[in-house]
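This report covers side-chain contacts and surface features. The sequence and structure come before the discussion.

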Amino acid sequence: MKGLLTQVRSYERSVQLLMVNQFTINLGFYMLMPYLAAHLSGTLGLAGWIVGLVLGVRNFSQQGMFLVGGTLADRLGYKPMIVAGCVLRTLGFATLGLVDSLPALLAASAATGLAGALFNPAVRAYLAADAGERRVEAFALFNVFYQAGILLGPLAGMVLTGVDFRITCLVSAGIFALLSVVQIRALPARRAGDAKRQDSGGGKSVLAQWRGIIANRPFLLFSLAMIGSYVLSFQVYLALPLEVRRLGGDGESGTAAVALLFAVSGLSTILGQTRVTAWCKARYEPGQALVRGLAVMGLAFVPLLLATALPVPKSGIGLWLLAAVPPTLAALLLAVGTMIAYPFEMDTIVRLSGDRLVATHYGLYNTICGVGITIGNLGTGAALDAARAAGLPALPWITLSVLGLACAAALYGLHRTGRLAAPAASEPLTATV
């Protein structure tokens, strides 16, 4: 921990604050969202399709507006969008705890999604700009704070929701309100040179800038290849818990196995991210690290694939071990693969943007990957259903492994052909913005 704090202190105040901010953002978000569905269906007694609608509106609002949020950050500045997102999420989370009408719930859900679309691209672009040549290391530290918030948020939410879900909402809203004040007062203003970076579109219209980014073929190919990493990492929340429940049941033993799954995923990143990044940076080019990260993520499902060949005990410790160990190993390998790839992934986006309209590139990248996650999860769900119907438990794990290795192969091709390198300085702006 001391070494981690020393690394954080070596950066500018803005970078330090952005890391702490991300921890706080995730803490406030994850203390509420895992328990929202139960509140809507239980306390408010809403039908299942309405619960799905409310949750879907938040996701659609965020994924659909990432590009707009990134564009606004490049045009208006990073700090205003970060502040606006925190204020909007304050209002959205407070409203979720105080209303019970469907229109108000939908509006609050949309507001929380839009908030994420406003501050996520801005935070990453701001971090990339102020970290400079140390971007890779900065994003590694950023991921540590990011995962710490994800790990602690549900624990805090469990305690608060045990009293009253409305308290959870108000505490979460209070966290974002406090964060808004901190951003306004403490987040440094952009330096003079940053205005030039933000206005790198050369006076072009928004649509012209978007067309320029869409014409950036290496960036689009990279975005499509990286979809697999997000689909695979999301299985910590989808396929792996379902597999634990399938074998271990819904009782206390199954709950303990799922908790172990999440703990291993989060703690491994918190404890190992900076070491993994330093090791990879000393040995690999960014493209090589990305290929290896995706390959590890694809191989993460091999323990589950091998477990399908074992006889399933009827009960006892043997059944619990079969339900808990292979998914936990998969979660650990997914975390390692993400640790390898993530810092280089964030750095590659900046390089492929030509260091112009960085937030807009992050916004479009998040939208592409968000759509990919939705499609990937539908496919994973279909594979799980087909596996149960056909008695082929190995089918989902084969599918996910193939996806990871295929994306690794795609990244290998991009790296070998030089498409993951920064655009040449002589290239015109219209080719890269």
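## Basis

A residue counts as buried under 20% relative accessible area, as exposed over 50%, and as partly exposed in between. Asp164, at 24% relative accessibility, is therefore partly exposed. The model discussed here is a predicted one.

## Salt bridges

The structure holds 6 salt bridges. One of them joins the side chains of Arg166 and Asp164, with an N to O distance of 2.9 Å. Arg166 is partly exposed at 45% relative accessibility, and Asp164 is also partly exposed, at 24%.

Glu243 and Arg246 form a salt bridge through their side chains, at 2.9 Å from N to O. Both belong to helix α12 (residues 239-248), where a spacing of 3 residues separates Glu243 and Arg246 by about one helical turn. Glu243 has a relative accessibility of 10%; this is under 20%, so Glu243 counts as buried. Arg246 has 43% and counts as partly exposed.

Helix α17 (residues 358-390) holds Asp385 and Arg388, which are 3 residues apart, about one turn of the helix. Asp385 and Arg388 form a salt bridge, and the closest N and O atoms are 2.5 Å apart. The relative accessible area of Asp385 is 44%, which makes Asp385 partly exposed. Arg388, with 53%, is exposed. Salt bridges also link Arg135, Asp347 and Arg351 in a network.

## Aromatic pairs

Across the whole structure, 13 aromatic pairs are found. In the pair of Phe139 and Tyr342, the ring centres are 6.5 Å apart and the planes meet at 85°, so the pair is edge-to-face. Planes over 60 degrees apart fall in that class. Phe139 lies in helix α7 (residues 135-163) and Tyr342 in helix α16, so this pair ties together parts that are 203 residues apart in sequence. Phe139 is buried, with a relative accessible area of 0%, and Tyr342 counts as buried at 10% relative accessibility.

The rings of Phe234 and Tyr237 have their centres 5.8 Å apart, with planes at 55°, so this pair is tilted. Phe234 is partly exposed, with a relative accessible area of 33%. Tyr237 is partly exposed as well, with 43%. Elsewhere, ring pairs link Phe29, Tyr30, Phe93 and Phe176 into a cluster.

## Arginines over rings

Which arginine lies over the face of Tyr11? The residue is Arg134, at 3.8 Å from the ring centre. Arg292 lies over the face of Tyr284, and its distance from the ring centre is 4.2 Å.

## Nonpolar surface patch

Ile317, Leu321, Val325, Leu329 and Leu332 make a nonpolar surface patch of about 410 Å². Ile317 is found in helix α16, which covers residues 316-352. With a relative accessible area of 60%, Ile317 is exposed. Helix α16 is also the helix that contains Tyr342, the partner of Phe139 in helix α7.

Key:
Residues are numbered from 1 along each chain as its sequence is written. This is a predicted model: local features need pLDDT of at least 70, side-chain atom pairs count only at pLDDT 80 or more; totals for chains, interfaces and linings use all residues. Side-chain values use heavy atoms; hydrogens and water are left out. Patches are made of residues with over 30% relative accessible area and no salt bridge: like charges are joined within 9 Å, nonpolar side chains (Val, Leu, Ile, Met, Phe, Trp, Tyr) within 5 Å. Accessible areas come from the Shrake-Rupley method with a 1.4 Å probe; for residues, only the protein chains shown count as cover. A salt bridge is a side-chain nitrogen of Lys or Arg within 4 Å of a carboxyl oxygen of Asp or Glu. Helices (H or I, at least four residues) and strands (E, at least two) are DSSP runs, numbered from the N terminus. Buried means under 20% relative accessible area, exposed over 50%, partly exposed in between (1.4 Å probe, protein chains only). Rings of Phe, Tyr and Trp (its six-membered ring) pair if their centres lie within 6.5 Å; planes under 30 degrees apart count as stacked, over 60 as edge-to-face and the rest as tilted. A charge sits over a ring if NZ of Lys or CZ of Arg is within 6 Å of the ring centre and within 35 degrees of the ring normal.
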